[in-house]
Amino acid sequence: MRSGFFNSIDGDRKYDADDISNYFLKLISNGVFATPANSMQIQAATGMRVKVTPGWAFINCKWLRLDNDHYITLDKADVE
């Protein structure tokens, strides 16, 4: 049996990130939050880069917050 969350008495209760994250398991499903409408969009950038726009996402009870544009450099395709 597991329960939570209660104040520790002399260190008898230990919680970790999964205990906290799993609280959301039945409340929020995986995905990108829709506000604003362009949240976490992938857009073409220069060269072999793409841009991810700012936004919030929720994946397997973990959250991701992107405050500024984030650039990802893609590997060149294997021609063999």
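Two strands are taken to pair if DSSP finds at least two bridges between them, and strands themselves are DSSP runs of E with at least two residues, just as helices are runs of H or I with at least four residues, both numbered from the N terminus. The structure described here is a predicted model, in which local features need pLDDT of at least 70 and side-chain atom pairs count only at pLDDT 80 or more, while totals for chains, interfaces and linings use all residues. Residues are numbered from 1 along each chain as its sequence is written, and side-chain values use heavy atoms, with hydrogens and water left out.

With those terms in hand, the overall layout comes first. The chain holds 1 helix and 6 strands, and from the N terminus on these elements follow the order α-β-β-β-β-β-β. The radius of gyration, taken over C-alpha atoms, is 19 Å, well over the 12 Å that the globule rule gives for 80 residues, so the chain is more spread out than a compact globule. That rule is 2.2 Å times the number of residues to the power 0.38. Along its principal axes, the C-alpha trace spans about 60 × 35 × 20 Å.

Of the 80 residues, 16% count as buried, where buried means under 20% relative accessible area, exposed over 50%, and partly exposed in between (1.4 Å probe, protein chains only). Contacts (heavy atoms within 4.5 Å) tell a related story: among those with a separation of 6 or more, 31% join residues 24 or more positions apart.

Turning to the sheet, 3 strands form an open, antiparallel arrangement in the order β1-β4-β5. β1 (31-32) and β5 (62-66) stand at the edges with a single partner strand each, so one side of each is left without a neighbour in the sheet. In general, strands of a sheet pair through backbone hydrogen bonds, either parallel or antiparallel. Strand β4 (residues 55-59) pairs with β5 in the antiparallel sense over 5 bridges. Within this pairing, Ile 59 stands opposite Lys 62 in β5, and Trp 56 has Arg 65 of β5 as its bridge partner. The hairpin of β4 and β5 has 2 residues between the strands, and Asn 60 takes a positive phi near 50° there. On the β1 side, 2 bridges join β1 to β4 in an antiparallel run, with Gly 31 opposite Phe 58 in β4.

Asp 19 lies in helix α1 (residues 17-21) and counts as buried at 15% relative accessibility. Leaving aside neighbours within four places in sequence, Asp 19 is in contact with Arg 2, Phe 5 and Lys 14. Ala 37, by comparison, is found in the loop between β1 and β2 (42-44) and is exposed, with a relative accessible area of 74%. The C-alpha atoms of Ala 37 and Asp 75 are separated by 29 Å, the two residues being 38 apart along the chain.
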